[in-house]
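Open the model in your viewer and keep the selection tool at hand. This tour moves from stop to stop and says what to select at each one.

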Amino acid sequence: MVGNTGTYIDAPFLFHADGADIAELPLERLFNVAIVMIRAVGTRAVGPDVLGDPARLWGKAVLVHTGWSARWGAPAYRSPDHPFLVGEVADALVAANVALVGIDSLDIDDTTLPTRPCHHTLLGAGIPIIEQMTNLDAVPDIGARLVALPAPVRGTGSFPLRAVAWTDHG
């Protein structure tokens with residue numbers, strides 16, 4: 001099985017040999033975490049200007065809704081034109097002490113470049129990354145919580161998961 005299939009999570013071990021693997025990810029980063037939604041539909045290179053006040057991100061699951069998941073199943077989904085976060089966003093998210101970062105795009109980084117700044121920066125800081133999320137348009141900007149639990153597989157850096165958001169509102 002390929003670890004980055006469907007919606008999946010990257011652990012620090014994916015880019016840093018001494019980082020936590022999937023089984024070692026702290027539950028407080030994955031279970032019952034408050035969500036802050038970032039809306040970036042129609043933006044290819046998502047910059048730090050979309051984050052707003054860093055204080056609102058502290059300890060939260062920051063999920064980036066780009067609208068790209070609407071292309072799922074079509075050849076266009078795997079296009080190198082997919083939305084991504086620029087490296088300065090990763091720096092700002094680390095400084096804001098976020099719990100995890102998710103995106104509804106093919107990859108959090110620009111796959112046309114070999115540097116992968118968001119992977120290196122976020123995973124280097126112990127912040128897991130969820131890629132290829134879906135239905136982020138249904139998640140409210142604030143007030144939702146996240147559960148994103150992969151099977152606790154040792155020695156692997158990526159693994160599929162089911163990410164679920166909910167609110168206490170009816």
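## Stop one: the largest pocket

Start by selecting Thr-134, Asn-135, Ala-163, Val-164 and Ala-165, which lie nearest the centre of the largest pocket, out of 18 residues that line it. On a 1 Å grid over the protein atoms alone, a pocket is an open set of points where a 1.4 Å probe fits, with protein on both sides within 12 Å along at least five of seven lines; lining residues have an atom within 4 Å of a point. This is a predicted model, in which local features need pLDDT of at least 70, side-chain atom pairs count only at pLDDT 80 or more, and totals for chains, interfaces and linings use all residues. Residues are numbered from 1 along each chain as its sequence is written, and side-chain values use heavy atoms, with hydrogens and water left out.

The volume of this pocket is about 260 Å³. A volume here is the space filled by probe spheres set on the grid points, which are joined across faces, edges and corners. Now colour the lining by class: 13 residues are nonpolar, four are polar and one is charged. Ala, Val, Leu, Ile, Met, Phe, Trp, Tyr, Cys and Pro count as nonpolar, Asp, Glu, Lys and Arg as charged, and the others, Gly among them, as polar.

Which strand gives the largest share of the lining? Strand β9 does, with seven residues. β8 and β9 each supply at least two. Strands (E, at least two residues) and helices (H or I, at least four) are DSSP runs, numbered from the N terminus.

## Stop two: the barrel

Show the strands. Seven of them form a closed barrel in the order β1-β7-β6-β4-β2-β8-β9, with mixed pairing. From one strand to the next, the twist averages 35°. Helix α2 (residues 117-124) packs on the sheet and touches β1 (8-10), β6 and β7 (129-131). Contact means heavy atoms within 4.5 Å. The direction of α2 makes about 140° with that of β7. Axes are lines fitted to C-alpha atoms, for helices over the stretch in contact, and angles run from 0 to 180 degrees between N-to-C directions.

Strands of a sheet pair through backbone hydrogen bonds, either parallel or antiparallel. Two strands count as paired if DSSP finds at least two bridges between them.

## Stop three: strand β4

Select residues 61-65. Are they buried or exposed? Five of the five residues of β4 are buried, so the strand is largely enclosed by the rest of the structure. Buried means under 20% relative accessible area, exposed over 50%, and partly exposed in between (1.4 Å probe, protein chains only).

β2 (residues 31-39) runs parallel to β4, joined by five bridges. Ile-38 has Val-64 as its bridge partner in β4. β6 (residues 100-103) is also parallel to β4, with four bridges. There, Leu-63 stands opposite Gly-102.

## Stop four: strand β8

Select residues 144-150. Five of the seven residues of β8 are buried. β8 pairs with β2 in the antiparallel sense over three bridges. Look for Val-33 opposite Leu-146, and for Phe-31 with its partner Val-147. β8 also pairs with β9 (residues 158-167), antiparallel, over seven bridges.

## Stop five: the second largest pocket

Select Asn-4, Tyr-8, Leu-106, Asp-107 and Glu-131. They lie nearest the centre of the second largest pocket, which has 17 lining residues. Its volume is about 200 Å³. The lining has five nonpolar, seven polar and five charged residues.

Thr-5 sits in the segment before β1.

## Last stop: two backbone angles

Most residues other than glycine have a negative phi. Select Asn-32 in strand β2. Its phi is near 60°, a positive value. Then go to Arg-116, in the loop between β6 and α2. The phi of Arg-116 is near 50°, also positive. Arg-116 counts as partly exposed, at 21% relative accessibility.
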